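Dear colleague,

Please find below the structure that I am handing over to you. My notes on it follow directly after.

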Amino acid sequence: MKVSTIKQSLGAVFTAGLLALSAPQSGLADELSVDYLQGEGDVQGVKLAYRRDSDYLHAYFPQLDLSFEASINVWEYGNPSRYDSNFVLAFSPVFRHTFHENQHGEVYGEFGIGVSLLDDTRFAGKDISTHFQFEDRLGLGYRFGQSRQYAVTLRYFHYSNGGLKSPNPGYDYVSLSFSKRL
């Protein structure tokens, strides 16, 4: 696949994502979150995300929620003598299923496969060969508060180019997230 084709496809996905995030939908919640990311070795990061809920699936699957998330990530590696950083933009549809709910809160699982654009193709001693990466996630969370406005989520993220180009070592992260509905 040509680099120009990948860039055009990624641009179209980001544009569609921004349109989905900006489309007015009555009664649905917006959410802001902050994630602390811990990767292998000395890799750490912060992810700031904006999420917009959608009601696209409720007619077919009442227990399954769909939201669209746009995020900015900053990854850091090493100490001052061998420091490296990477800036990442990502867009992901996120599916969430509530497993248990009571008057105090709800426990849910989430998964999603999105796209991301990395500033650098070399990071933390790895050559990942492409700026375009897929962002895969699995998470387990707890939503709480008087109107369920807060959530704490433990997530696993995997970033890779999906075999579009070699090498493709990927990056794995575990994150702890705190979010608040607006």
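Does A124 count as buried or exposed? At 15% relative accessibility, A124 counts as buried, where buried means under 20% relative accessible area, exposed over 50% and partly exposed in between (1.4 Å probe, protein chains only).

This is a predicted model, in which local features need pLDDT of at least 70 and side-chain atom pairs count only at pLDDT 80 or more, while totals for chains, interfaces and linings use all residues. Residues are numbered from 1 along each chain as its sequence is written, and side-chain values use heavy atoms, with hydrogens and water left out.

Backbone. A124 lies in the loop between β6 (122-123) and β7 (126-127); strands are DSSP runs (E, at least two residues), numbered from the N terminus. Although A124 is not a glycine, it has a positive phi of about 55°. S129, in the loop between β7 and β8 (132-144), likewise is not a glycine and has a positive phi of about 70°. S129 is buried, with a relative accessible area of 14%. Most residues other than glycine have a negative phi, and most peptide bonds are trans. The peptide bond from S166 to P167 is cis, with omega near 0°, and P167 sits in the loop between β9 (150-160) and β10 (171-181).

Surface. I72 belongs to strand β3 and is partly exposed, at 40% relative accessible area.

Yours sincerely

Note on methods:
Helices (H or I, at least four residues) and strands (E, at least two) are DSSP runs, numbered from the N terminus.
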